[in-house]
Structure formats: structure tokens, C-alpha cells
Amino acid sequence: MTKTYQFPENFLWGGATAANQLEGAHLEGGKGMNLADVMPGGKIRFKLISQPGFDFEIDKNKYTYPNHDAIDFYHRYAEDIALFAEMGFKTFRLSIAWSRIFPNGDELEPNEEGLAFYDRVFDECLKHGMEPLVTISHYEMPLYLIKEYGGWRSREVITFFERYAVTLFNRYKDKVKYWLTFNEINGATHMPIFSLGFSPATEEVRLQETFQGLHHQFVASSLAVKACHEIIPEAQIGCMLLYAPVYSFDANPVNVLHAMKEEQLFNYISGDVQVRGEYPAFTKRYFKENNIQIDMQEGDLETIKQYPVDFISLSYYMSRTEKKEKTPEDTIEGNIMAGVKNPFLEASDWGWEIDPIGLRISLNQLYDRYRVPLFIVENGLGAYDTVEEDGSIIDDYRINYLRGHIEAMGEAIEDGVELMGYTPWGCIDLVSASTGEMSKRYGFIYVDKHDDGSGTLERKKKKSFGWYQNVISTNGKEL
């Protein structure tokens, strides 16, 4: 007999995207250049941006830049939102492109054309009874702030971000109830370029610059929470973590301790600062041993303490297995971070291990530690999809992946976890953040766009479209 799960009556089912991965129109409407605009497409992307000293320049003679056009949501948003509404979305997670609002990032006045675009998008969502869930900064820092200020290395960027956030809260206070500050903020410890907007020049300075940049973001996040609560008292604003539970490869205490340290460093520093309002105790030793000296100005810690987030949102794609001594042969790639191969798990076409039980573990870990509501705002399977001769896309592999993770959510709710909602990643096919590929597809909706830039941009419903529609209509009872 199949088990059924009881999700809360007001559970926010939906889907998730990011502006830089679906909007396109990268120079329309007064938008300035941003980080994603200079990231080349293809598997070369990850290699290039991982190297010290990435130059943030465009070279169309060598590379393609799929984010420039993406899937043209900028012009097709009404059609796409209508498809989301047909699935029954209660919420749609999207981000605002900072450089659409402040093209350089440091202007005193915003770009009205950019603000008006998101007015239209939010109005379309609300017309269909869909709550916008808005990420303020999602891997799309204005390029000018990167080149002229050094990204989040600079404390000045706190002021620019606060101005940007306040502008959004004032403009959309009647349209947006749910906000997130920084996407996958903790991912900076492994890949600072995405969220901090800089590529450390040497490995020697990487930790110092990364944690200084994160401190600036922590202060900025708290100031955004303060402004949101003052301008939209009924709104909720959360942080967003890239969460992956860390397993020890075996019961060897050396490996158990190593896994614990990796989990603390990756999963808990950012959560503790933004939810508990303070740096965790273990950072004192870690900073000392790694010669990290954070420049904190007077009042920083008080601001962080006084304005914690209302809830934790998270991306969950995979778990991670670690051991103290590992070789290249042991290693398996994953979402930004790599671990050692777990013999009990299968992996996706991109090497990401599939672990639904790990989601239940993650939700219990987070809720036990923080006791604030949780919201899964990314989860999904990147896979190669095939369009059959009759035009259908039979993606049972995606359905099976999502079903397993939704069952894990149901178990976590029975465990006592307070879960607000679920927005699977890439609800419509979009450009991959890590590889710049269209062939790495996540969506319930297929977009006829390919890695070489060809395609009609036609939207097609996959088999998973109807499946997820039924999941939502039954509030998770039929999986």
C-alpha cells in the first residue's frame, strides 16, 4: 500500500528560476552588464571561472554567451506564467536582476524601465493567484561593481545593496510578501565568484577575501531584513543556503571528525550568523588557524544580532561524503563542491549523487538547530531530455527523482519539521549556472533552445508537467 503524506493546507507549491538564467534581453530596458553576462557557455565555464584572476571580459571569438538570450522570458513571461498557473503553482520563485534596477550598481536613482518590467511580471503572477517569491541577489551582481569596487571585497557595496533592497521594498510592497536576500550565500566558501563577485588572485588570499566578503554580505542581509520589516511589516524575509549533509566515508573517527568540520564550515556558518545572529564558536579556531582577520566595524555584530531572518530557504540537490585522505580517483563532482563517491548512491548524468533520504536528514538537521520555518526553494534533476517523434517528452526519471524527494519532505513534516513550501529548480528549462548549457534540463516545460544557440524557443509540456500538476492539486497526497 502506497503511503500518503499530509502537507499543510497553505503549503506553497511552485517552481524556481533566476533572472540571469531565463530572462535574456541582456541589454534591453536600460539594463547594465552583470556577472552572468561575461560567463561563457559550455563545460569550459566552470574551469575558467574556477581559476584565479578570471578577467570578467567577453571574447565572442572564443566563447558563446547563452545568458545573453537565455529563453527570452523577458518577452515571453506572460506565456510562461500562464503555464505555471496551469500546473497550479501557489508561488513562483524568481530573482530580480540588480543591473536592471541599478545598471552600474552605485547610482543614486533606479532605472524606471527595469522597475516597470518587474511590476508587469508580478502583476501577471498575482492575476493567476501566484505569490512571487523574490531573490534580491542571485548570481547577477552588476559588472561595474565587480570591476570598479572589487565586488563584495568592498564595504561600500553594503550601501549600494541596501539602497537597491530598499528600492525594491518600496516599489513592490503591495505585490511581494516573500523575499530572500542572497542566493546560496554559503557557496562562496567554494566558489566566491558567483555570490561575492570576485575571483581571488591567489589561493593564499582566497580564505581571507572570501570571509571578509561574506561578512559584508551578512551585514547587508541584516540591513535588508530591517528595511523589509519596516517597509512591509507583513512580509517575511529569509536567507538562502546551499545545503548538503556531509557523511563520513566510514566509522573511522578521523573521517567522522573531518566530515563534521566540513559540515560546520559549509552548512552552518552562514546559517548561524543570519538566524542566530552571531558567528558560531568554532569559527574562532578556524579563523585563527587559517590567519583570517575579519575587519568588523563598530555596530556590525549588533546589527547582525538585532535583525535575523524570518525563515531559512535552501537548495538541496545532493549529499556529500568525505574522508580525511582522498585521491582524485575517489572524487565525484557535485553542486559547487566535490566529495568522495558514496557506494550506496547513484548519480545524475552530471555526476551529482541522488539521495532523497539526505533531504529528510537535512531538514531535520536544520530545524533541530534553528527552530525557524524552512522552505525548499531549489531541488531537481538536470538531465538530457529527448523529444519523441510525436513531440512528447517522457521524463519518468525526473518524476521518480522528484517523487522521492517529496516523500522525504512528507517524512520530515511527520518528524516535526515546519516546512513552508517547495519550488523545484528550473521549472522551465533554462541556462545552467555551472556549465552554461541548455542540454542540462530541469524543467516541467521543455524549451526548444540548444547549446549551439539554435532553436525556436517553443514551449512544450513534458510528462512531468501533468504529474506535478496532480501533485499540487492533491496537496501532495498523490505522488
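Is F182 buried or exposed, judged by relative accessibility? At 2% relative accessibility F182 counts as buried, where buried means under 20% relative accessible area, exposed over 50% and partly exposed in between, with a 1.4 Å probe and protein chains only. The model is predicted, so that local features need pLDDT of at least 70 and side-chain atom pairs count only at pLDDT 80 or more, while totals for chains, interfaces and linings use all residues. Residues are numbered from 1 along each chain as its sequence is written, and side-chain values use heavy atoms, with hydrogens and water left out.

## Overall form

The protein chain has 15 helices and 14 strands; helices (H or I, at least four residues) and strands (E, at least two) are DSSP runs, numbered from the N terminus. With 479 residues, a compact globule would have a radius of gyration near 23 Å, and the 21 Å of the protein chain agrees with this; the radius is taken over C-alpha atoms, and the globule rule is 2.2 Å times the number of residues to the power 0.38. Along the principal axes, the C-alpha atoms fill a box of roughly 60 × 55 × 50 Å. Of the 479 residues, 62% count as buried. Among contacts with a separation of 6 or more, 75% come from residues 24 or more positions apart, contact meaning heavy atoms within 4.5 Å.

## Nonpolar cores

In soluble globular proteins, nonpolar side chains tend to be buried together. The largest nonpolar core here has 141 residues, and W179 and M409 are those with the most contacts inside it; such a core is a set of buried Ala, Val, Leu, Ile, Met, Phe, Trp, Tyr and Cys residues joined through side-chain atoms within 4.5 Å. Helix α9 (residues 203-231) gives the most to this core, with 11 residues. Apart from it lies another core, of nine residues, including Y178, M240, F375 and V377.

## Aromatic pairs and charges over rings

A pair of aromatic rings is described by the distance of the centres and the angle of the planes. Rings of Phe, Tyr and Trp (its six-membered ring) pair if their centres lie within 6.5 Å, and planes under 30 degrees apart count as stacked, over 60 as edge-to-face and the rest as tilted.

| Pair | Centre distance | Plane angle | Class |
|---|---|---|---|
| W13 and Y468 | 6.4 Å | 75° | edge-to-face |
| W152 and F182 | 5.4 Å | 85° | edge-to-face |

W152 lies in the loop between α6 (143-149) and α7 (156-172) and F182 in strand β4 (residues 178-182), so the pair ties together parts that are 30 residues apart in sequence. W152, at 0% relative accessibility, counts as buried.

A charge sits over a ring if NZ of Lys or CZ of Arg is within 6 Å of the ring centre and within 35 degrees of the ring normal. The charged end of R100 is placed in this way over the ring of F117, 5.7 Å from its centre, and R369 lies over the face of Y268, at 4.1 Å from the ring centre.

## Helices, their ends and a loop

The expected span of a helix is 1.5 Å times one less than its number of residues. For the 19 residues of helix α14 (residues 396-414) this should be 27 Å, and the end C-alpha atoms are 27 Å apart, which agrees. Just after α14, G416 takes a positive phi of about 110°.

Helix α13 has 15 residues and reaches 22 Å from its first C-alpha to its last, close to the 21 Å expected. Its buried residues include G358, L359, S362, L363, L366 and Y370. R371, in the loop between α13 (356-370) and β11 (374-378), has a positive phi of about 55° although it is not a glycine; at 57% relative accessibility, R371 counts as exposed. N475, in the segment after α15, likewise is not a glycine and has a positive phi of about 50°, but at 13% relative accessibility N475 counts as buried.

D106 lies in the loop between α4 (98-101) and α5 (112-127). Leaving aside its neighbours within four places in sequence, D106 is in contact with Y144, L145, Y149, F160 and R163. D106 and R163 are 57 residues apart in sequence and 8.9 Å apart in space, C-alpha to C-alpha.
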